[in-house]
Structures are given as C-alpha cells and as structure tokens.
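Here is a short report on one structure.

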Amino acid sequence: MAHAMLETRCEECHTAKVGQTAVPSTAAARLHWLGATEGACETCHRVPDHHASEIGTPECAQCHVEHQGMAHLDAVKVPRCTGCHADLPDHMRGTTTLVGQAGLRIDDFAHHPEFAVWIGTPDAPHRVRLDAVPPPRDPTGLRFNHAKHLNPIGGPPAGHPRNDAQGKVQMVCGDCHAGSMTPVRWEFGTQAPGWTPVTVGELAPAEEVTYMAPVRYAQQCAACHPHNFADPRFPDLLAPHDRPVVIRAFLRGLYERWIVEHPTELAGPPLRRPVGEGARTRSAETAWVNAHVAAAEKELFREPKRCRLCHTLDDGPDGLPVLAPTRVPVRWLPQSRFDHGTHRLLSCTECHAARTSESETDVLIPRREVCAKCHHPEGAADACAECHTYHGAVTAVAMDGTLKIAPLAGGR
C-alpha cells in the first residue's frame with residue numbers, strides 16, 4: 001500500500017496535536033495513544049473539502065482507517081457516507097447545489113436516484129438526470145449515427161480483413177473507442193498532414209487510465225471519410241482536419257508550390273502588370289492558384305459527404321464558412337469515477353445502447369438500473385466509495401508538488 005514506506009516510522013503520522021502535551025515520556029508509550037493528526041495527513045495529501053454547506057468536517061482518520069493490512073484507505077465503509085446522506089437536510093447549511101430532492105435521503109445503492117449527467121450548456125448549466133422529461137441531449141454538435149456504424153457498412157478500403165462478399169465491413173465499438181492499453185493499429189485510420197502514427201508495438205494510451213481515449217478523425221475516421229478535395233493531382237492527400245482558415249492556408253500553399261514546380265500548366269505566358277496598376281492586377285499564377293483553391297474549398301465545404309457530413313457550416317466572410325462549435329463532454333459524471341478496464345470483459349453494448357441510437361443527441365450513459373444488475377448486496381460491490389469520493393472534484397490538481405524524495409524515503 002502507499003504507506004508501506006512509513007511502516008517503521010510511526011512518528012511521521014502519530015504526532016502530538018497543537019496544544020497537546022506529549023506524555024508519558026517514552027516514545028513507545030506516546031505512540032500508543034497519539035492518533036494520526038490532520039496535519040500529518042495533509043503533509044502529503046492536499047485535498048479539497050467535501051462541500052461548503054456541510055455541518056462539521058470529520059477528521060481523516062474517522063473515515064480512512066489505517067492498520068488493516070493491505071486494504072485501500074479510500075474504500076470507505078457505507079455507514080461513513082450514509083451517516084449524513086440518509087438524512088442530508090440535518091447535516092447541511094442552506095440549500096444544496098449538486099443534490100436534488102431525490103438525493104436527500106440515500107442509505108444504499110438500491111435507493112440511489114437516477115444518474116445525472118453534466119451537460120454544461122446555457123440552458124442546462126448543471127446536471128440533468130437521465131430519467132428527466134425531456135431527457136438530456138448530447139451537446140456535441142457533431143452528426144453521428146451509432147446504429148448505422150454498428151451494422152455492416154460500406155466504405156473501408158478494399159481488401160480489408162473484415163470485408164464481406166458485398167464489400168461491407170462489420171465495425172465494432174473498439175474500432176473507435178480505445179482504452180489505456182489498446183494496440184496502435186487503428187482499423188480505419190490513415191495518415192493526415194502533420195500526423196505521424198506511432199510505431200507498431202507501442203501503445204496509444206488514454207489520457208487517464210480508467211477512461212476511454214477521445215475519438216480523433218485521423219485515427220478512427222479518415223479511411224472511410226477521407227478529407228480529400230477531388231483533385232487528380234493529389235488523389236490520396238487529405239486536407240487538415242482543422243478550422244476553415246487553416247484549410248484555406250494549406251490549400252493555398254499547396255497550389256502555390258505546385259504551379260511553381262509545374263509552370264507548363266498555365267494556359268499562356270504570365271500576364272504583365274501595366275504601369276500604374278500595381279498589385280491590383282493578378283498574375284496568371286495567382287489567378288490559377290485562386291481558381292484551384294476555390295474549387296477545392298467548394299468540394300470540402302459544400303459537398304454533403306465532406307465537412308458537412310459531421311459538422312454544421314454557415315456562410316461567413318471572404319467565402320469561408322463559419323464552423324459551429326463542437327462541445328464533446330470530457331466527463332459526463334464529474335462527481336463519480338468509473339474504470340472501463342475493470343469492466344472490459346463485458347460487451348460495450350451491454351451497458352451502452354449504441355445499436356439502437358440513430359441520433360447524435362442521444363446520451364448513451366447507462367441508467368442506474370443497468371449498473372444494479374451486477375452491483376447489489378449479493379453481487380459486485382455496491383458501496384458508495386466504489387463510485388464516489390468524499391473530497392469534492394471542484395479544483396484542478398497541481399502536478400508540481402513541494403515534497404522532496406529524501407524526507408519521504410527516510411533519508412535513503
């Protein structure tokens with residue numbers, strides 16, 4: 001366990017509290033009755049409070065009980081939570097900001113209210129329960145049909161190992177959603193400008209071990225939905241999956257270089273600028289570049305199978321479309337934790353109703369009743385600490401601490 005390095009240094013945690021007289025005199029006798037202080041815990045553990053409206057904050061050792069073998073100290077017993085949450089109004093000041101009426105009296109998981117997801121939109125700035133009417137809607141802003149992608153679908157490169165006789169492939173959830181130990185072979189990815197795939201044998205980890213890595217166009221989508229622009233000069237080149245202004249800059253640089261290297265493509269000699277006209281008169285090279293950039297932009301920004309397949313584009317200045325912002329939630333349940341790795345033996349669709357989801361606005365977080373099929377007194381663990389931590393997830397965690405190795409390791 002994490003405290004094993006302190007096993008023979010009891011005095012690191014068991015110290016006299018402020019104002020307390022450390023008697024009797026012998027160290028062994030003092031350690032017998034001096035409890036671990038808050039200050040000793042906070043030397044290493046700097047955590048936020050539970051909630052500003054709570055009446056009374058328990059000391060660390062009231063919930064985290066040491067000297068129980070190799071048990072995890074964050075596995076807090078249910079009575080430590082339900083001591084307040086079974087009758088929450090008697091243990092709080094004012095009104096709650098996170099818990100609704102259904103969450104004021106919870107004494108076990110069987111009486112837990114329906115899960116509430118974080119939407120974070122102007123009309124729903126907080127959390128919305130999955131059983132709300134109308135139900136919460138995914139604010140991502142991207143068009144996507146899960147049901148269509150989980151049925152045999154055409155589009156992947158010919159000869160793909162999963163192609164059937166009709167040239168269709170059966171996709172699976174893992175083709176797009178990757179965990180922390182997923183091999184780097186992306187079934188339907190391809191290389192785009194500025195993106196270099198990692199070498200075979202390495203891993204592509206998620207940002208956090210317990211969660212899925214975000215879906216990225218180049219890695220999961222590009223082979224079936226290429227971001228090309230119908231120019232035979234560049235049949236396999238993809239435009240950047242980026243803002244329209246970046247795409248225009250890419251195209252302009254591409255065609256400017258091409259015409260310099262292939263001047264014979266011009267219909268005639270370069271046009272001379274008349275005296276006095278200055279920069280207002282465009283050369284033949286510039287006119288050629290502008291025409292080809294405009295054609296490529298029309299393909300990318302106007303054709304329904306390119307950018308508009310997933311994104312909403314509105315008319316903007318200078319002929320460039322305005323891209324509607326996307327809001328892909330990073331955490332749907334910020335007040336809880338979940339480990340996909342622990343559940344990896346289950347089929348994804350046992351919990352996520354992706355096979356029947358035809359709209360990108362569907363929230364596919366499983367309902368409480370789905371979790372309760374396994375998590376109950378006679379099944380998998382259903383303690384509060386399985387999903388919740390006492391300390392509020394309200395502040396960012398600094399990754400540059402103040403402690404030194406030598407004191408922690410006892411001078412070794």
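Ser336 sits in the loop between strand 4 (322-323) and helix 9 (368-372). Helices (H or I, at least four residues) and strands (E, at least two) are DSSP runs, numbered from the N terminus. The model is predicted: local features need pLDDT of at least 70, side-chain atom pairs count only at pLDDT 80 or more, and totals for chains, interfaces and linings use all residues. Residues are numbered from 1 along each chain as its sequence is written, and side-chain values use heavy atoms, leaving out hydrogens and water.

Is Ser336 buried or exposed? Ser336 counts as buried because its relative accessibility is 17%. Buried means under 20% relative accessible area, exposed over 50%, and partly exposed in between (1.4 Å probe, protein chains only). Leaving aside residues up to four places away in sequence, Ser336 touches Tyr211, Arg331, Cys387 and His388. A contact means heavy atoms within 4.5 Å.

Now the rings. The whole structure holds four aromatic pairs. Rings of Phe, Tyr and Trp (its six-membered ring) pair if their centres lie within 6.5 Å; planes under 30 degrees apart count as stacked, over 60 as edge-to-face and the rest as tilted. Two of the pairs are these:

| Pair | Centres apart | Plane angle | Type |
|---|---|---|---|
| Phe229 and Phe234 | 6.2 Å | 50° | tilted |
| Phe234 and Tyr255 | 5.8 Å | 75° | edge-to-face |

The pair of Phe234 and Tyr255 links distant parts of the chain, 21 residues apart. Phe234 is in the loop between helix 6 (217-221) and helix 7 (244-261), and Tyr255 is in helix 7. Both Phe234 and Tyr255 are buried. Phe229 is buried too. Ring pairs join Phe229, Phe234, Tyr255, Trp258 and Trp288 into a cluster.
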